[in-house]
Amino acid sequence: MSLWVDKYRPKDLSKLDYHKDQAQRLKNMVQQGDFPHLLVYGPSGAGKKTRIMCLLKELYGNGVDRLRMDTMTFESASKRKFDISTISSNYHIEVNPSDAGIYDRTVVMDLVKTTAQTHQIDPTGQKEFKVVLLTNVDELTKDAQHALRRTMEKYVGTCRLILSTNSTSRVLPAIRSRCLGIRVPAPTIEEIKTILTKVAKKEGHDLPNELAERIATTSERNLRRALLMLETCRVEQIPYTPDQKVTEPDWQLYIKGIAALMVKEQSPSKLLELRSRFYELLTHRIPSDLIFKGMLQEINKKCDLQLKIQVANLAAEYEHRMHQGSKEIFHLEAFAAKFMSLYKKFMDASMADFM
Amino acid sequence: MFGDQFRERILELNASDERGIQVVRDKIKSFAQLTVSSYKADGTKCPPFKLIILDEADSMTDAAQSALRRTMEKETKNTRFCLICNYVSRIIDPLTSRCTKFRFKPLGEEKIIERLEYICQQEDLKAEKCVLKAVNDAAGGDLRRAITCLQSVTRLKGKGIEVYLEDVIEVTGFVPRKWLDDLIQVCETKNYNEVEAYVDKFMLEGYSASQVVDQLNDILIFSNQLTDKQKAVIGEKLAECSYRLLEGGSEYVQFMDLCCGIITAFEIC
């Protein structure tokens, strides 16, 4: 039994539920038999991967569905060996190079080279190029991206790259200009509602409109999250009722808790408590930029305008420092401490005005 | 110039080749030291020198460039150098003083549009003049980028079609003007919650924040609505935001900060 997210993933460009114009364009492109390197970007849960897989299917036929998992071993320049898991079919290979950490440059270069150097013996039956699909390109180091740009040009005859990323800000301009950018915006609330209702119907359940609306809103227009929530709701209670509880992800609640603590009391002992909470989040591999984003959103619900601006300012500053440094916890705590002192000062000042 | 001796008379190195000081010392020097005759194999005359072309010379290290100085002077008799670069200021002075400089000006807007029109005609495309102008704006006066952009549109839409403004915007990843105008308007209300809602919505559309920073800069400079002081404040914030984004900052947080900066700018008038 597979999750609904996978079960109801459209497998064909013509079966996509939204962004139909774009699907038509992609189809046009494939029909011309050739395409440039692609850079697919959009927020998570918007359907980037679905579109890429549909595109590959359109290109190569059903063969791309026969997937196999491999582990490839790479050797870095300093003779250190490490393994990366790949998902591949006869026609494409998918890899998340940022798994390799700072050795991603080796992965990018070796992988593209090995894939690109094998020519198709019989080009009549198939396309003459293979596809290398790299996910999370924005997490690649600058070094790896530079390496990529050379390999991209060199092996354009036998291999096409599809890069998938959340934001193009961290992708080098040199790479951006070599690819055809495809923007995948998040689906609207309405679109998510339609899909949720459709999936529920196929499963033989009746989904009340209010619940669909609530799931769609809580999911923050992330279709994958919405579908997962729908499935969680089914586990909890069936048939669906309009006033059913929609469970938010644990970590989000946890971050909310942290923010509430910070606003409630400002003292060194609280800061110590926060430390253990931050560690809890970090040990569960919650990305630190998500923590920052969550904190900023939550704290600012409870502050005045003047303070909000300052908090945003602080968050931006500490968030940036965090990317330059290596220990995330320092910067998270620094932000918390700074916010506390700021908040306390502000409160004291406004109290003094009151007296 | 060299006829069929073209290959042996020319050494071309670009940025993708190894070009450290070692290569300058070995490869370039030994090639430069070879003497050549002023006659071709069939007895006709040809120039008595070889040519070394260094493409993207501005990406060479200073040490490598200095190592070139001596070679350049000593072997002028039978070797000429040709350096190609984007920024002449990145070539060390002793080298520039040894060369004759040719400056290639950026192509004018009319020239680019003329060229694009020619391509459209050849490829059986229809495009309004204003669309081509948009292509040029998006490419920032870079003809190669403009042509690639045009080609991408045709790849997506098929041949023999009319190119519209929206297609160009979609392909280049430009943020439509409407969003930017909205941004300024929202910030003018000085209402944090509205700004937050806007940023959320904007992020979900999948546009890149760094693109906004670039485009906002252009808009701000020509805006009549803002005072000089406000522009200065926003400009500084833009610079900071752009730098942090490049360094890998999270888009949401940095963009929020930028918006807050614009709000503060609206508060001082």
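Trainee: How many residues of chain A are in contact with chain B?
Mentor: 42 residues of chain A are in contact with 45 residues of chain B, where contact means heavy atoms within 4.5 Å. Keep in mind that this is a predicted model, where local features need pLDDT of at least 70, side-chain atom pairs count only at pLDDT 80 or more, and totals for chains, interfaces and linings use all residues. Residues are numbered from 1 along each chain as its sequence is written, chains are lettered from A in the order in which they are written, and side-chain values use heavy atoms, with hydrogens and water left out.

Trainee: And what area is buried between chain A and chain B?
Mentor: About 3,900 Å², with carbon and sulfur atoms giving 52% of that. Buried area here is the accessible area (1.4 Å probe) that two parts lose on being put together, summed over both. On the chain A side, A:Arg25, A:Ser169 and A:Arg183 supply 17% of what chain A buries against chain B, more than any other three residues.

Trainee: How many salt bridges go across?
Mentor: The rule finds two across the interface of chain A and chain B; it asks for a side-chain nitrogen of Lys or Arg within 4 Å of a carboxyl oxygen of Asp or Glu. A:Arg221 forms a salt bridge with B:Glu205, with the closest N and O atoms 3.6 Å apart.

Trainee: Which elements of chain A supply the side that touches chain B?
Mentor: Helix H2 (20-31), helix H5 (142-154), S7, helix H12 (288-300) and helix H13 (305-324) of chain A each supply at least two residues. H13(A) gives the most, with 13 residues. Helices (H or I, at least four residues) and strands (E, at least two) are DSSP runs, numbered from the N terminus.

Trainee: Switching topic: what's the strand order in the chain A sheet?
Mentor: S2-S3-S4-S5-S6-S1-S7, an open sheet of seven strands with mixed pairing. Two strands pair if DSSP finds at least two bridges between them. The edges are strand S2 (68-75) and strand S7 (180-183) of chain A, each pairing on one side only.

Trainee: How many bridges join S2(A) to S3?
Mentor: Eight, and S2(A) and strand S3 (residues 81-88) of chain A run antiparallel. A:Thr71 stands opposite A:Ser85 in S3(A).

Trainee: What about the chain B sheet, what order there?
Mentor: An open sheet of three strands, S1-S2-S3, with parallel pairing. Strand S1 (10-13) and strand S3 (79-83) of chain B are the edge strands. Strand S2 (residues 50-54) of chain B pairs with S3(B) over five bridges in the parallel sense, and B:Leu51 has B:Arg80 in S3(B) as its bridge partner.
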